[in-house]
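Please open the structure in your viewer and keep the selection panel at hand. The tour goes from one selection to the next and says what is to be found at each stop.

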Amino acid sequence: MQVDLSRLPAEYRCHVHDCPACRRVVEQLCRLEQLLPQLPVPPSTPQVKSTLIARVIAEAPVPSSRLAALRRLETFEQWLAKTGWKFSAGIAAALLLGFGVWWFHSAQPPATASAPYHRHSLLHAEVQHVSALATADTPAERLRIWTEIVRELNAETALVYSIAPEAEMRSLGQMFDRAVHEGIVRQTAQFPEQFPPQQRQQLLREVAKQLRDISEESERLSAQAPPQSRPVLLQMATTARIGCTHVEALQP
Amino acid sequence: MNLRPAVVVGVAWLGSAWCAAEAPQTAPTAAEQLRLFQTNRQLLEQLLNHGVRLSESTSSLQRAEESRAATMTLAAAVQAAARGDTPERVAELGDHLGTIWTVALLPTLTQARQEINPESPEYRRLQHLQQQAIIDIDRIEEQFQQADSLPPLIRQQLQRIRQQLQDQSEPPR
């Protein structure tokens, strides 16, 4: 074991360095010092504490403030021993929970300025699609964009149909109808003759599948929709089915 | 060594910390989604009209003209928002206006400029359109300056777009 001789008084340091027997004693003392904290602390009782404090007071005069502090310490230890660790742990847990709840609420912004601002995903999508339509050069590109628009409108309807008033549902239904007829159906009619048949077939198949899915989804939602939303959902299902039939008829 | 108190306290601490970490991220509810739709309903219908007309356009000039019409629709929405809505709403619509300007109007103008013969009557229409687009930007900036509510990012974007439009307006060499 490495002995730190610098801890020894200067007058012994030289001797211990040269004397193996003394060196061994110092090593044992160092080792004992290291191991001592690992020993279990024997349980203390209020009586032991009281006796110790009485001996301290008897040995030397103690200032009154320190004396009061010592007595308070004694009282707390007695209380802790009486109530037991479960109660103490319970109080500590309750305090932490209380702090956690306070932390959670203080993390929320105040109610007035608080509601987080949500951007409208449908508006964002429609701006993107309109911009894309401005630079789309072929009917195939426009057909893809219109299929996306139809899908977005259907998704928005699915989000609000359970609580939307009739006017909003009607607006969604009309936009959906226009997107299918004036978007998808019209673009399929403008496919040039020289468009590669294989690509054309694949694109039409994808569009038809999307419309079929939308039709089925709208019909499913209509079964559970409130009365003001049901006619629009059924109309959407019909429109999507008509669009799908039209697109399927164009496939060779 | 008895670890039970430490475990009880630790679990309580972790529980409350988890609650605090979980809560703030929320998606819009159905009611919030409906409110968004009601707020933007008219704008959505107008944009759909622009989309239909863009699909029907047969030339780049027509598409540029329709794109400019779409920027006017969004500019009106931004101005209305600046009068009464939150800054977030103005910023949202400002972003959309910037998108239409940069992704729709500028490219279609560029394309039209490449396709149209400077001697043709369409070229005069194109020049007029470019001048109108610059005037639109000036007008929006002016209105916002009066209200002192033009977000700096939108202002920068407008200046950039105006510069591009002015560069495009230069006669071909």
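Helices (H or I, at least four residues) and strands (E, at least two) are DSSP runs, numbered from the N terminus. This is a predicted model, in which local features need pLDDT of at least 70 and side-chain atom pairs count only at pLDDT 80 or more, while totals for chains, interfaces and linings use all residues. Residues are numbered from 1 along each chain as its sequence is written, chains are lettered from A in the order in which they are written, and side-chain values use heavy atoms, with hydrogens and water left out.

**Confidence in chain B**

The mean for chain B is 82, and 79% of its residues reach 70 or more. Within chain B, confidence is lowest in helix α1 (residues 4-22), at a mean of 52, and highest in helix α2 (residues 30-56), at 96. Where pLDDT is low, the predicted coordinates should not be read in detail. The model as a whole scores ipTM 0.81 and pTM 0.67.

Next select B:Ser57, which lies in the loop between α2 and α3 (60-84) of chain B. Is B:Ser57 buried or exposed? B:Ser57 counts as buried because its relative accessibility is 10%, where buried means under 20% relative accessible area, exposed over 50% and partly exposed in between (1.4 Å probe, protein chains only). A polar atom of the B:Ser57 side chain lies 2.8 Å from the backbone oxygen of B:Arg53. Leaving aside residues up to four places away in sequence, B:Ser57 touches B:Gln62 and B:Arg63, where contact means heavy atoms within 4.5 Å.

**The helices around the cavity**

Now show α4 (87-115) and α6 (152-169) of chain B, each of which supplies at least two residues of the lining of the largest cavity. That lining includes B:Trp101 and B:Leu158, and its residues divide into 5 nonpolar, 3 polar and no charged. Here Ala, Val, Leu, Ile, Met, Phe, Trp, Tyr, Cys and Pro count as nonpolar, Asp, Glu, Lys and Arg as charged, and the others, Gly among them, as polar.

**Across to chain A**

Finally select A:Ala179, in helix α9 (residues 166-189) of chain A, which counts as buried because its relative accessibility is 0%. The C-alpha atoms of A:Ala179 and A:Ile149 are separated by 6.9 Å, although these residues are 30 residues apart along the chain. Not counting residues up to four places away in sequence, A:Ala179 touches A:Trp146, A:Ile149, A:Val150, A:Leu153 and A:Ile184.

Terms used:
pLDDT is the predictor's confidence in each residue, from 0 to 100. On a 1 Å grid over the protein atoms alone, a cavity is a set of points where a 1.4 Å probe fits but cannot get out, and a pocket is an open set with protein on both sides within 12 Å along at least five of seven lines; lining residues have an atom within 4 Å of a point. A polar contact is a pair of N or O atoms within 3.5 Å; within protein, one must be able to donate a hydrogen and the other to accept it, and residues adjacent in sequence count only if both atoms are side-chain atoms.
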